[in-house]
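Please work through the following exercises with the sequence and the structure side by side. Each task sentence is followed by a solution that goes step by step.

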Amino acid sequence: MSGAEARRLLRPGGVVVVVDATLQGVSIRHRLSCAWRMISRWGLIGRKDLNRDKLEGLVRAAGFQVLEASLIIGQSMNAAFVQAVRAR
């Protein structure tokens with residue numbers, strides 16, 4: 001779903017949460033390991049790695065007011081998290 005579509009569907013004051021797996025903050029060794037697993041499983045898919053700042057920018061560009069943005073640190077992968085509200 002695009003940001004514009006999410007904005008259209010939400011009422012004013014409605015909250016959207018966007019989470020995406022990211023390699024932000026992951027060691028080079030682990031990045032290579034993840035890349036190898038993704039390529040061997042799905043092939044070359046041309047996926048762009050969204051870090052927290054890029055994800056936050058996309059949410060703002062769709063017309064949302066960001067309430068919180070953070071990087072969630074996991075054991076094998078990290079995630080970019082953005083919580084935003086549709087302006088009234």
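**Exercise 1: a salt bridge within a helix**

Being four residues apart in helix H3, Arg-60 and Glu-56 are separated by about one helical turn. The model is predicted, so local features need pLDDT of at least 70 and side-chain atom pairs count only at pLDDT 80 or more, while totals for chains, interfaces and linings use all residues. Residues are numbered from 1 along each chain as its sequence is written, and side-chain values use heavy atoms, with hydrogens and water left out.

Task: How far apart are the closest N and O atoms of Arg-60 and Glu-56, and is Glu-56 buried or exposed?

Solution: A salt bridge requires a side-chain nitrogen of Lys or Arg within 4 Å of a carboxyl oxygen of Asp or Glu. Arg-60 and Glu-56 form one, with their closest N and O atoms 2.8 Å apart. Buried means under 20% relative accessible area, exposed over 50%, and partly exposed in between (1.4 Å probe, protein chains only). Glu-56, at 15%, is buried, whereas Arg-60, at 47%, is partly exposed.

**Exercise 2: a second pair**

Task: Which residue meets the side chain of Arg-8 in a salt bridge?

Solution: The partner is Glu-5, at 2.8 Å from N to O. Arg-8 is exposed at 58% relative accessibility, and Glu-5 is partly exposed at 29%.

**Exercise 3: a third pair**

Task: Which residue forms a salt bridge with Asp-53?

Solution: The side chain of Arg-52 meets that of Asp-53 at 2.7 Å, N to O. Asp-53 is partly exposed at 47%, and Arg-52 is partly exposed at 26%.

Conventions: Helix = DSSP H or I, 4+ residues; strand = E, 2+ residues; numbered from the N terminus.
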